[in-house]
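Please read the points with the model at hand.

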Amino acid sequence: MLRTRSRSRFRTSVALLAVAVAVLVPAAAASASQVSYNGSVLTYTAASGESNGPIVTTNPYQLLCGSVPAPCLSIFDPYATISVPADKCTGGGTGDVLCQMPSSIVANLGDRDDAYYGWSGDETIDAGTGNDNPIDGGGGNDHLNGGPGSDNLVGPETTRSAAARAMTISRGSPTRRTRTRWAATPTAAAAGATG
Ligand SMILES: [Ca+2]
C-alpha cells in the first residue's frame, strides 16, 4: 500500500516537470530577432522586449565571410539572439551574422532603448518606442525614424521622415564625431566669418 502511494506521487511529479519544460522552451525560442530577405532587401526585425544595438559593417575578404561569398554583410548585435535564413546567411544566435550583400537594409528596432550603427549603403531605420541613442545611418541615402521617445538621429546624408522632424530630438551628450556630422551645412554667420 505504502509503495503504491510513492509510485503515484513520483508519476505526478514527473508529469508536472514535463508540463513546466513544455511551457518554458517555446517562450525562449520565440524571443529571437530575425534577419530576412525580400528580394535583395535585407530586413532586421528586433524581438519584442529587447534593447538592441546592431552594428552593421561590410567584410571585403572571403576569410571573414565564412561560407557566404565575399564581400558580405556583417551584423553584430551584442544584446540579441538572431535567427537567419540559411540560404542567405551564416552564423546567428548570440554571435555575428554574415549575409549576402543586400541592395538596402530595413531595420525595425521595436520597443526599449535601442542604438543602431549603420553601413555605407542605403537604410530605412524605424527605432520604435524608447529613447534611442544613437541611431546612426552611416553613409548612403538613409531614412531615419526615431519614433516615440527622446532620440538621437545621426547621419550627414539623412532624409528624416516628417514624423522624425516633428519630434523633439535630444542629442544627449554628443561625441565630437556626432557634432561634426551635424555641422556639415555651415550657417550664414559662419560662412560670413570665414570670408
Ligand atoms: Ca547607411
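1. Basis of the note. This is a predicted model, in which local features need pLDDT of at least 70 and side-chain atom pairs count only at pLDDT 80 or more, while totals for chains, interfaces and linings use all residues. Residues are numbered from 1 along each chain as its sequence is written.

2. Overall make-up. The chain holds five helices and 13 strands; these are DSSP runs numbered from the N terminus, with helices being H or I of at least four residues and strands being E of at least two.

3. Contacts. Among contacts with a separation of 6 or more, 35% are made by residues 24 or more positions apart. A contact requires that two C-beta atoms, placed from the backbone, lie within 7 Å.

4. Strand β1. Strand pairing here requires at least two DSSP bridges. Strand β1 (residues 33–38) runs antiparallel to β2 (residues 41–45), with five bridges joining them; V35 stands opposite Y44 in β2. The two strands form a hairpin with two residues between them, and G39 in the turn has a positive phi of about 65°. β1 also runs parallel to β5 (residues 82–83) through two bridges, where S33 has I82 as its bridge partner.

5. Nonpolar core. Which residues touch the most other members of the largest nonpolar core? They are V35, V97 and C99, in a core of 29 residues. Such a core is a set of buried Ala, Val, Leu, Ile, Met, Phe, Trp, Tyr and Cys residues joined through C-beta atoms within 7 Å. Leaving aside residues up to four places away in sequence, V97 touches V35, S74, I75, I82, V84, C89, G91 and G92.

6. Cis peptide bonds. The bond from A70 to P71 is cis, with omega near -5°, and P71 lies in the loop between α2 (62–65) and β4 (72–76). The bond from N133 to P134 is also cis, with omega near -10°; P134 is found in the loop between β10 (123–126) and β11 (135–136).

7. Residue R112. Although R112 is not a glycine, it has a positive phi of about 70°. R112 lies in the loop between β8 (104–108) and β9 (116–117). Is R112 buried or partly exposed? R112 is partly exposed, because 19 other C-beta atoms lie within 10 Å.

Methods: A residue is buried if 20 or more other C-beta atoms lie within 10 Å of its own, exposed if 12 or fewer, and partly exposed in between; C-beta atoms are placed from the backbone.
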